[in-house]
Amino acid sequence: MKIKFLDGLELDAIQVNGSRRYFQGAQRDSLEFVFEKGVYSFDDLDEYFSNKSKTSKITLIDDAQNQYVYDDYVIRVSMSLTPV
């Protein structure tokens, strides 16, 4: 799956999961991104996902080229490097 940010940057993700999470006193729609280890550095991903000018509009593009647009995903809850 491709992730396209507002500024045009595209990343390849193994998986993207959507859910609702309680954060900062409210139920919020959230997205969880899973990347293959070694393709992107942790520091680069940290920079991409902490930049509100990138994440204010995220487009997900699946293998069939269907596009799903998510607006105002600007609060990052967490980021971790874990084995899958």
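Serine 30 has its place in strand β4, residues 26-34; strands here are DSSP runs of E with at least two residues, helices are runs of H or I with at least four residues, and both are numbered from the N terminus. At 14% relative accessibility, serine 30 counts as buried. By the definition used here, buried means under 20% relative accessible area, exposed means over 50%, and partly exposed lies in between, with a 1.4 Å probe and protein chains only. Leaving aside residues up to four places away in sequence, serine 30 touches Asn17, Gly18, Ser19, Arg21 and Tyr73, where a contact means heavy atoms within 4.5 Å.

Before I continue, a word on the source. This is a predicted model, in which local features need pLDDT of at least 70 and side-chain atom pairs count only at pLDDT 80 or more, while totals for chains, interfaces and linings use all residues. Residues are numbered from 1 along each chain as its sequence is written, and side-chain values use heavy atoms, with hydrogens and water left out.

How confident is the predictor in the protein chain, in terms of average pLDDT? The average is 90, and 100% of the residues score at least 70; pLDDT is the predictor's confidence in each residue, on a scale from 0 to 100.

I turn to the overall fold. The protein chain contains two helices and six strands, and along the sequence they follow the pattern β-β-β-β-α-α-β-β. The radius of gyration is 13 Å, close to the 12 Å that the globule rule gives for 84 residues, so the chain is as compact as a globular protein of that length. That radius is taken over C-alpha atoms, and the rule is 2.2 Å times the number of residues to the power 0.38. The C-alpha trace spans about 35 × 30 × 25 Å along its principal axes.

Of the 84 residues, 26% count as buried. Among contacts with a separation of 6 or more, residues 24 or more positions apart account for 45%. The protein chain exposes about 6000 Å², of which carbon and sulfur atoms supply 45%; accessible areas come from the Shrake-Rupley method with a 1.4 Å probe, and for residues only the protein chains shown count as cover.

Next, the charged pairs. Side chains of opposite charge can pair when their charged atoms come close. How many salt bridges are there? The count comes to three, a salt bridge being a side-chain nitrogen of Lys or Arg within 4 Å of a carboxyl oxygen of Asp or Glu.

One of them joins lysine 2 and aspartate 12, at 2.7 Å from N to O. Lysine 2 lies in strand β1, residues 2-5, and aspartate 12 in strand β2, residues 10-12, so this pair ties together parts that are ten residues apart in sequence. Lysine 2 is partly exposed at 32%, and aspartate 12 is also partly exposed, at 41%.

Another joins aspartate 7 and lysine 54, at 2.3 Å from N to O. Aspartate 7 lies in the loop between β1 and β2, and lysine 54 in helix α2, residues 52-55, so the pair ties together parts that are 47 residues apart in sequence. Is lysine 54 buried or exposed? Lysine 54 counts as buried, at 10% relative accessibility, whereas aspartate 7 is partly exposed, at 47%.

There is also a salt bridge between aspartate 29 and arginine 20, at 2.8 Å from N to O. Here aspartate 29 is partly exposed, with a relative accessible area of 46%.

Glutamine 24, in the loop between β3 and β4, has a positive phi of about 50° although it is not a glycine. Glutamine 24 counts as exposed, at 55%. Glutamine 65, in the loop between β5 (57-61) and β6, has a positive phi of about 70°, and it is not a glycine either. Glutamine 65 counts as exposed, at 57%.

Finally, the surface. Which residues form a nonpolar patch? They are Val74, Ile75 and Val77, with about 190 Å² of accessible area together. Patches are made of residues with over 30% relative accessible area and no salt bridge; like charges are joined within 9 Å, and nonpolar side chains (Val, Leu, Ile, Met, Phe, Trp, Tyr) within 5 Å. Valine 77 is found in the segment after β6 (67-71), and is partly exposed at 33%.
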